[in-house]
Amino acid sequence: MNDSKSLRKHIAPHIAELPKSGIRDFFELVNTMDDVISLGIGEPDFVTPWTIREAAIYSIEKGRTSYTSNLGTMSLRKAICDYVNREYHISYCPKNECIVCVGVSEAFDLAIRAITSPGDEIIYHEPCYVSYAAEIRMSHGVPVPVSTYEKNHFALDPEDLERAVTPKTKAIILNFPCNPTGATLTMEQTERIAEIARKHDLLVLADHIYSELTYGEKTPSIASLPGMKERTIFLHGFSKAFAMTGFRIGYACGPADVIDAMMKVHQYSMLCASITAQDAAEEALRNGENAMLAMKNEYANRRNVIVSRLNGMGLPCLKPEGSFYVFPNITSTGMSSKDFAVNLLNRKKVAVVPGSAFGTCGEGYVRCSYATSLEGIRTAMDRMEEFVKEVRGEK
């Protein structure tokens, strides 16, 4: 039994067959090198605003160190429902239509496990966050990707979406603003997707983790459209907008029956989110808006710089409408996404993520995060420009 080969047969096949995260796999390599400028991991470079940290400290000082309700503290659930009503114009009951989770990642996992039966098809758009397909497979569902394209600004084409619907389709996943492309949807596109969901009696998982980081006019959540609240699971969290990645705190709002099913999974696995993180999250919702807007304005400045530099070196790059990522086209270098990223890292010590990590249609692109300092971005762009010129044989 000590032999690794004999142990492998005990691993569940659907887990053994899962590929490792293309992002984390690549950054294992990055971590072996010194003096790398990383435009890779999607984490704010800002420290969590002081008032939020202070709320966490005060929570501990008051001796708030116990379990909470499986659904989360009632005061946080009320704050969440007030916030969603105010910002997204959707009314949820904090008693049975809201659950607090360990990050929006857990909220997504709970939602998928709560709704997916073996063989159910779940549609999602690519390029996309790396966990979507894996989470579906772990729940014995069938992931069905729908490609998005640069020519359409990486927005999900409703007609492409509807062509992917079959009698086995259970739900649609939407993540706009999108990781890794920064794409958003128009109101017309959102309404058409809602029409498709109603027509085919589908659920929608709406991942809004980057919604606060929308730089133009924010398209309303699909959950706010007629007939959609009762078929949408609204997923959100605090990591990106409030720079609270380490707190691991997120939430889901939705129909009471779905939230109850999610709570059962949560109850037998995680039990509840940290009470300290919940108290900090409540402070973020009540008093964190100014800090959030200041960070967003800085991201917007960085976005303008990095987009200008990438286009200037001949790597076509759309200006993202949200998130803190750009997704430049590197096909003119004649290199694959992975080769570009690995060679850029080895030769110039700049880390970006191969676009292929986000789905097959991400090939030919790389993801660069501008959640780092302007100084770091400018230096990284100088090095990348040198690399591109060398690859093309320019002086």
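Start by selecting strand β3 (residues 121-126) together with β5: the two pair in the parallel sense over three bridges. Keep in mind that you're looking at a predicted model. Zoom in on Glu121 and you'll find Thr169 of β5 standing opposite.

Now colour the whole of β5, residues 169-174. Five of its six residues are buried, so the strand is largely enclosed by the rest of the structure. Pick Leu174 here, and its bridge partner in β6 turns out to be Ala206. Then bring in helix α9 (residues 187-199): with β5 and β6 it makes a right-handed β-α-β unit.

Next, the rings. There are 16 aromatic pairs in the structure. Show Phe108 and Tyr132, a tilted pair at 4.8 Å centre to centre with 35 degrees between the planes. Phe108 sits in helix α6 (residues 103-115) and Tyr132 in helix α7, so you're seeing a link between distant parts of the chain, 24 residues apart. Both Phe108 and Tyr132 are buried.

Hop over to Phe340 and Phe387 for an edge-to-face pair, 5.2 Å centre to centre and 85 degrees between the planes. Phe340 belongs to helix α13 (residues 337-348) and Phe387 to helix α14 (residues 374-392), so this pair ties together parts 47 residues apart in sequence. These two, Phe340 and Phe387, are buried as well.

For a ring cluster, select Phe46, Tyr210, Tyr299, Phe324 and Tyr325, which are linked by ring pairs.

Last stop, the surface. Met138, in helix α7 (residues 131-138), is partly exposed at 34% relative accessible area. Together with Ile11 and Ile15, Met138 forms a nonpolar patch of about 230 Å² accessible area.

Notes
Residues are numbered from 1 along each chain as its sequence is written. This is a predicted model: local features need pLDDT of at least 70, side-chain atom pairs count only at pLDDT 80 or more; totals for chains, interfaces and linings use all residues. Side-chain values use heavy atoms; hydrogens and water are left out. Patches are made of residues with over 30% relative accessible area and no salt bridge: like charges are joined within 9 Å, nonpolar side chains (Val, Leu, Ile, Met, Phe, Trp, Tyr) within 5 Å. Accessible areas come from the Shrake-Rupley method with a 1.4 Å probe; for residues, only the protein chains shown count as cover. A salt bridge is a side-chain nitrogen of Lys or Arg within 4 Å of a carboxyl oxygen of Asp or Glu. Helices (H or I, at least four residues) and strands (E, at least two) are DSSP runs, numbered from the N terminus. Buried means under 20% relative accessible area, exposed over 50%, partly exposed in between (1.4 Å probe, protein chains only). Two strands pair if DSSP finds at least two bridges between them. A crossover is right-handed if, with the strands pointing away from the viewer, the path from the first strand over the helix to the second runs clockwise. Rings of Phe, Tyr and Trp (its six-membered ring) pair if their centres lie within 6.5 Å; planes under 30 degrees apart count as stacked, over 60 as edge-to-face and the rest as tilted.
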